[in-house]
Amino acid sequence: MDPIQTFINELASLVGVQGAFLFDRQGAINQYSTPMELTLDQGVALARTLSRSLTGLSSLEHSNRVDIELVFNEGRLVLKGLSDGGLCILCDRQVNYSLLNLTLEQGLGLLRTVEMKADTGETKQTLEDMKAIVQEILGEHSQRVISILDNAGASSEELMKAIEQAEKMTRMFIDKDQAGRMAQRMRELVDKSS
Amino acid sequence: MIYVSYGLSFLGILVMVVNVVLAFRLQRVLIGGEIRSRWGLLTNFILVFLVGYILSPLLLVFSVPVEYMGAVVFLIFLFGAIFVSIVIRIIRDTLSVLGVLEE
């Protein structure tokens, strides 16, 4: 069985956990476990709302990964942000939190490894091409901008954010014209690859 | 009392000369971009201040009428306000690039 599905099933089998699902940035449910208290429609609506919340919080926190925990009268919702979506766990209010965290820690490691493997290939090539553009345009002053790209996430949204940041830094501290040219070429590159 | 004024004026000129040196040194190491051009503007303001500082004790020496003194003082206030505004914008943009502002 798929290791991610195994992990989600394992999560759902914990005492006090009602269900778990993985969703992407667009709010589509990729993998889920049964039994869940929600109908599929409710799950999809929830995933879309959570996805929008994660995107909003990520930009506020300047971080690709944001975790949220909401406690209600009837239960608890734990949300773990991933680079291209998130993992949602619905549980009882009095869930065994230590056990849940332990399982989550192991599973999130697996999920992030899978994400990193998926990032290789095209994204890596795009990043390398972007760095070459920076090097070509900024020459000896390219190092700081390249370090911004090195810290960028894998999704095209995150690459666009990194380009914006790189453009801002270049415009403010290096050269206004070069900043515009560099950003335009990098955006074209990301558009082509996505 | 007049000697206290001259003393203070001399100290002000001294500090301003140091500021001019520091401003030019910093301008030399700035690579470019908007920050460098704004810094150039600030350096020019500092030079204007230095000239003003040097000329101000002369106003006392030549006993310039109070109404002219007032104009000079308020002109310096105006330049000071513009100077502060540019400094604030440089700091804001720098912090924004560093990503340490809450947006």
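I started with helix α6 (residues 156-173) of chain A and α2(B), which pack at an angle of about 25° with their axes 2 Å apart. For axes I took lines fitted to C-alpha atoms, for helices over the stretch in contact, with angles running from 0 to 180 degrees between N-to-C directions. That angle makes α6(A) roughly parallel to α2(B) (under 35 degrees counts as that).

Housekeeping: this is a predicted model, where local features need pLDDT of at least 70 and side-chain atom pairs pLDDT 80 or more, while totals for chains, interfaces and linings use all residues. Residues are numbered from 1 along each chain as its sequence is written, and chains are lettered from A in the order in which they are written.

Next I listed who meets whom: T170(A), R171(A), M172(A) and F173(A) of α6(A) meet G33(B), E34(B) and I35(B) of α2(B). Contact here has C-beta atoms, placed from the backbone, within 7 Å. By class I got 3 nonpolar, 2 polar and 2 charged residues (Ala, Val, Leu, Ile, Met, Phe, Trp, Tyr, Cys and Pro are nonpolar, Asp, Glu, Lys and Arg charged, the others, Gly among them, polar).

Then I took the whole contact: 8 residues come from chain B and 11 residues from chain A. On chain B, α2 (33-61) and α3 (66-98) give two or more residues each; helices are DSSP runs (H or I, at least four residues), numbered from the N terminus. α2(B) brings the largest share of that side, 3 residues.

Last, I noted that S63(B), which follows α2(B), has a positive phi near 45°.

How values were computed
Two residues are in contact if their C-beta atoms, placed from the backbone, lie within 7 Å. Angles under 35 degrees count as roughly parallel, over 145 as roughly antiparallel, 65 to 115 as roughly perpendicular and the rest as oblique.
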